[in-house]
Amino acid sequence: MNSVAWRMISPPINKNRRALVMVLCWSLLGAVPTLLSGLLVAVALDRGFLAGNAGFGLAILGCYGASLGLGAVATRQAMGPMAVLAEAVRDHLVHQVVHTSLHTAVSAGFAARTGFAARIIGQTETVRQILSNLVMAISSAVLMTIAACAGLVALVPAMVVALVPIMLPAGVLLVRLSGVWRRRYEKSLACEEELAAELDLVLAGTRDIAACDAAGRAAGDTDRRLRASAEAATGVAGISGARIGVIGLAGHLPLIVLLLLAPVLVSRGALTVGELVGAITYLATGLEPAWRAITELLGNQALEVATVLARLSGTGISAESGGSLEASRYDLALRGVTFRYGPQSEPVLANADLTLDEGTRLVVVGPSGIGKSTLVNVFAGLESPEAGSVALGGVNLRDLRTEWLRRSVALVPQEAYVFAGTVRENLAYLAPAAEDAELVSAAAVFGLTELITRHGGLDGEIRPDNLSGGERQLITLARVYLSPARVVILDEATCHLDPRAEAVAEEAFARRPGTLIVVAHRISSAMRAERVLLMGAGSLVQGTHEELLHGSADYARLVDYWTRDGGTVAVD
């Protein structure tokens, strides 16, 4: 057990030394049957049954039976102090880890996840169960091994020569396999924690998922986490199977060697029949089970508990998914970004480079299906590129604290989400501390004053089914307008508004501090923008509306297509 693991469990063990000593004492008494087994069997055969004295043989076997009963009583007596020790360790771990994680969460300014708490409970329970098995079984297994080897050497001294070349290579191979097992098990634990964090985010963000029409994405992310966790668990099982094979082979080889040598040893008088059967008894009922227990417990469960303890010792550092940083500015940058939806599909973005200074007002245009929504999803951190980097304020999105990123970047999709509740609850969803005056002012900006009056004021109840698509979009836009987000992305979020209402909404966000990115629904959005980004097949071209109109044939064709229907033709 490494130093980190020992530091985690040593305080309760030191406080309960008496319980540990009692476990060892009872385990020592429990090893007596193993020590006596082969010797008593040999005496019962050679001096009893084979010598024609069945009564003596039965009496010796009776002594063996009595020793087994004594061993059973000793094992039962060891359970009490073992329970005291295991419960003390479990209570100490739960208190220590929960206290550390909650303290870290509060100090860092974010809430501890419920999935994280569940992880702590599950892993500390794993430690309790494994540790109780380890202390109980290792103490008895080690003493059994010592007893069996001592008895075996007393009966067949030559077996020492056979045991060393068998057990030594097996031990070396097990050490190597154990290193691989530990790395795979650490990966498995990490995958479990990532899955728990993903599920926690999905459950906590049900409203946001519905608001962003992101049910498919949430299901896909969860499925990827599940697959990764299953693959990691399969890797652990595979190496565990290899270790079990080595343990079984090494455990049975000494017995096989003894049986192969038995005819020669008995015929030459090196062993009596009773001593041969006694040696087999030591190997089959003492050494082999003890070897299997020691290697299994030390090689699997001890490694497992050490790995879990090491992971628990660092739980206070990663109380949420994502990184731990926050950016001090809000410029966006793509660097060599490639994104595709599957290994066989064509890239939507191919080695893309793009820089947006803080405060930029950008409109994204392009043919239907070219990947405009994918681009803004990558900007918002909702999609991860397979190559390249996405940075906000010079910090890679992967390194930003997730909750900070979600507060700082708001993506408004085409499908607006309004939930059953009051007008106030809907408007203040992303700004719970907003005053009534702020809510009323924001509502006025987006032309929602009449809607508020119609529903009886801010405390009036809203039924989403009774609202038009445009009204739902206006409420969603006002909600984001009130939020602390410094990067706002409107992904055709005004498609149900008339041109005038759309212009009012875009101009409101343009006056608001921060960066605005609009995936255009009408040509008028591009004409109002400071900068226009034209997405083509594998290309990103920036410029003003006039620059692109005169310098890009693709943009000119797109504008012509738009304006055929009075500038209202949608591109997606």
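The stops below cover a sheet, a helix lying across it, the nonpolar cores and a few single residues.

This is a predicted model, in which local features need pLDDT of at least 70 and side-chain atom pairs count only at pLDDT 80 or more, whereas totals for chains, interfaces and linings use all residues. Residues are numbered from 1 along each chain as its sequence is written, and side-chain values use heavy atoms, with hydrogens and water left out.

**The sheet**

Begin by selecting β2, β1, β4 and β5, which in that order make up an open sheet of 4 strands with antiparallel pairing; strands (E, at least two residues) and helices (H or I, at least four) are DSSP runs numbered from the N terminus, and two strands pair if DSSP finds at least two bridges between them. Because β2 (349-356) and β5 (395-396) each have a single partner strand, they stand at the edges, and one side of each is left without a neighbour in the sheet.

Next, show β1 with β4, which run antiparallel and are joined by 5 bridges, and pick out Arg 335, which stands opposite Ser 389 in β4. Moving on to β4 (residues 387-392) and β5, you will find 2 bridges between these antiparallel strands, with Leu 392 opposite Val 395 in β5. The two strands form a hairpin with 2 residues between them, and Gly 393 in the turn has a positive phi of about 60 degrees.

**The helix across the sheet**

**The cores**

Select Val 365, Leu 427, Phe 446, Leu 448, Leu 477, Leu 490 and Tyr 555, the residues with the most contacts inside the largest nonpolar core, which has 48 residues. Such a core is a set of buried Ala, Val, Leu, Ile, Met, Phe, Trp, Tyr and Cys residues joined through side-chain atoms within 4.5 Å, where buried means under 20% relative accessible area with a 1.4 Å probe, protein chains only. Helix α15 (residues 469-482) gives the largest share of this core, 6 residues. A second, separate core of 33 residues includes Leu 332, Val 348, Ile 517 and Met 535.

Stay with α15, where 11 of the 14 residues are buried, so this helix is largely enclosed by the rest of the structure; among the buried ones are Gly 470, Gln 473 and Arg 479. Then centre on Leu 448, whose contacts beyond four places in sequence include Glu 471, Leu 474, Ile 475 and Ala 478.

**Two single residues**

Go to Asn 426 in α12 (residues 423-427), which counts as buried because its relative accessibility is 0%. Not counting residues up to four places away in sequence, Asn 426 touches Val 418, Phe 419, Gly 421, Ile 462, Ile 475 and Arg 479.

Finish at Ser 67 in α4 (residues 54-108), buried at 6% relative accessibility. Leaving aside neighbours within four places in sequence, Ser 67 is in contact with Pro 33 and Leu 36.

Key: Buried means under 20% relative accessible area, exposed over 50%, partly exposed in between (1.4 Å probe, protein chains only). Contact means heavy atoms within 4.5 Å.
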